[in-house]
Amino acid sequence: MLKTLKIVFSLFVLLFIAAAFYMLVPLESLYEVRVTNKIESISVKYINVTGEPNCAKLYEVLDGADSAVFTAYPVTVPAIEETSLAYSGNVFNIKGYRYNWVRENKLTGNKKITKSNRIDVSAWEVETPYTLWSDELDKDGMQLVIKSEEPVKHVFKDDSGNNELYRKDNFIDCLLD
Amino acid sequence: MGSTRLIIYTDSRKKSDVNTFKNAAITLSKTYKAKYAKDGDNIKVVFVKDGKEIVKAINAVPRGKLISLDIVSHGNQGGIHISRNLSPAEKAGYVKKNMHFQIRKNSDSPQTETDAELMEESMHGLYSDSMSKIGVSFYYNQKTSHSPNIATLDEINFNVFAENSVVEFHGCRTAEVIPVLNTWLKDNFAQKISNLLGKKSTVIGHITNTAPDKNPNGNVNDYRYGRVRVYENGKLLKDSVERTKLRFPNSSTP
């Protein structure tokens, strides 16, 4: 009886270790690499997803389904998401560096490459006309918005191609479900 | 003296989110004024910066007078989520770093092990309990310790709620059911608060993320659309139903 219990317990422990190993995949490393060192231009739309603080707000305008963009900025370029231009429907033209995810098996060296949402933003400008948040309130206390045609553009002047100069936020894609 | 209708909107790291929350809160107050001001109800819109201020605003209502509570905020199944930038960033520690990396590794928004080494945000919201705080902090790699203004539901005096009150969360996922976690181990935030309210009280929470842009009625200042769960006396009353069609006594959509 005791022997049987020992066998069952050992099997349970082995099963648990195998499951943990399967889930944690300790032999796999995960990292992001730039697709190329060439700057790409994309068009993104601001979508006001306010569910979570970390929701991505910029979505690349594609045929069919839009795709979330996880922006990273150098310290001298303001984040679109933090400006008064962060308003529903505004379209921005972004120039920057795209990324891929690399999942690498540490034992075999096999690599699996998938598209990353990250882009290092070297420059951005808003398409006109656009809507921006005003500092004014209406009679009920609601924050007003105004239309504008004034061009707004920011460029990272010291872009040497070094990806360490870009600060990445901990974004999630909130529109997937 | 009429009842109190409390509408709370919260702070966010992004000013545009705060503006959206404020406009949604004022939209709600206009609805309440139109429907209930004639009954002598006191309609209050309050801006809060953290969980302790949410608790303070609720506990300030006289006993049995809080007939409706609306919270416009960020959220998740662990609670009302308020985060701030942590400057300078702090080391995450071995457990949090690895938990964050492993939880997110196979999601659509993974983080690298290097990303997970530093916590760049801290948590300041209102959460179900300590376990929920820890869970949220692992998922987002955010700091919980030494946040004196973070709060949990046990700090709320539930005697202030009227017997037939309505609570609606306008942020995302407060009524989400994560398999195993919320089916076997613990309730989501909306159900947890329903357990603590009177038997005739109703709690409404979103299942998915909320984006007022997507509101089919075109009102970008209104979160009352999309799939929700409704709880009464801690029990599921309506599962995954469209919010726009729902009507409840004492709510903003009677």
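Which residues does Leu85(A) touch, not counting residues up to four places away in sequence? They are Ile80(A), Asn90(A), Val126(A), Tyr130(A), Leu132(A) and Val152(A), where a contact means that the C-beta atoms of two residues, placed from the backbone, lie within 7 Å.

Before going on, the ground rules. This is a predicted model, in which local features need pLDDT of at least 70 and side-chain atom pairs count only at pLDDT 80 or more, while totals for chains, interfaces and linings use all residues. Residues are numbered from 1 along each chain as its sequence is written, and chains are lettered from A and ligands numbered from 1 in the order in which they are written.

Back to Leu85(A). This residue sits in the loop between strand 4 (67-74) and strand 5 (91-105) of chain A. Helices and strands here are DSSP runs numbered from the N terminus, with at least four residues of H or I for a helix and at least two of E for a strand. Leu85(A) counts as buried because it has 20 C-beta neighbours inside 10 Å. The cut-offs are 20 or more other C-beta atoms within 10 Å for buried, 12 or fewer for exposed, and partly exposed in between, with C-beta atoms placed from the backbone. Its C-alpha atom is 9.6 Å from that of Ser134(A), 49 residues away along the chain.

Thr131(A) has Lys147(A), in strand 8 of chain A, as its bridge partner. Five residues lie between the strands of this hairpin, and Gly141(A) takes a positive phi near 95° there.

Now Glu28(A), in strand 1 (residues 28-34) of chain A. Is this residue buried or partly exposed? Glu28(A) counts as partly exposed, because it has 14 C-beta neighbours inside 10 Å. Leaving aside neighbours within four places in sequence, Glu28(A) is in contact with Arg103(A), Glu104(A), Asn105(A) and Lys106(A).

Next, chain B. Its secondary structure comes to seven helices and 14 strands, and 51% of its 254 residues count as buried. Of the contacts between residues at least 6 apart in sequence, 71% join residues at least 24 apart.

One sheet in chain B is open, with three strands in the order 6-7-9 and mixed pairing. Strand 6 (83-91) and strand 9 (142-143) stand at the edges with a single partner strand each, so one side of each has no neighbour in the sheet. Strand 7 (residues 118-123) and strand 9 of chain B run parallel, joined by two bridges, and Glu121(B) stands opposite Gln142(B) in strand 9.

Last, the two chains together. How many residues of chain B are in contact with chain A? There are 37, and they meet 33 residues of chain A. Helix 1 (15-36), strand 4 (75-76) and helix 3 (94-105) of chain B each supply at least two residues to that side. Helix 1 of chain B gives the most, with eight residues.

Technical notes
Two strands pair if DSSP finds at least two bridges between them.
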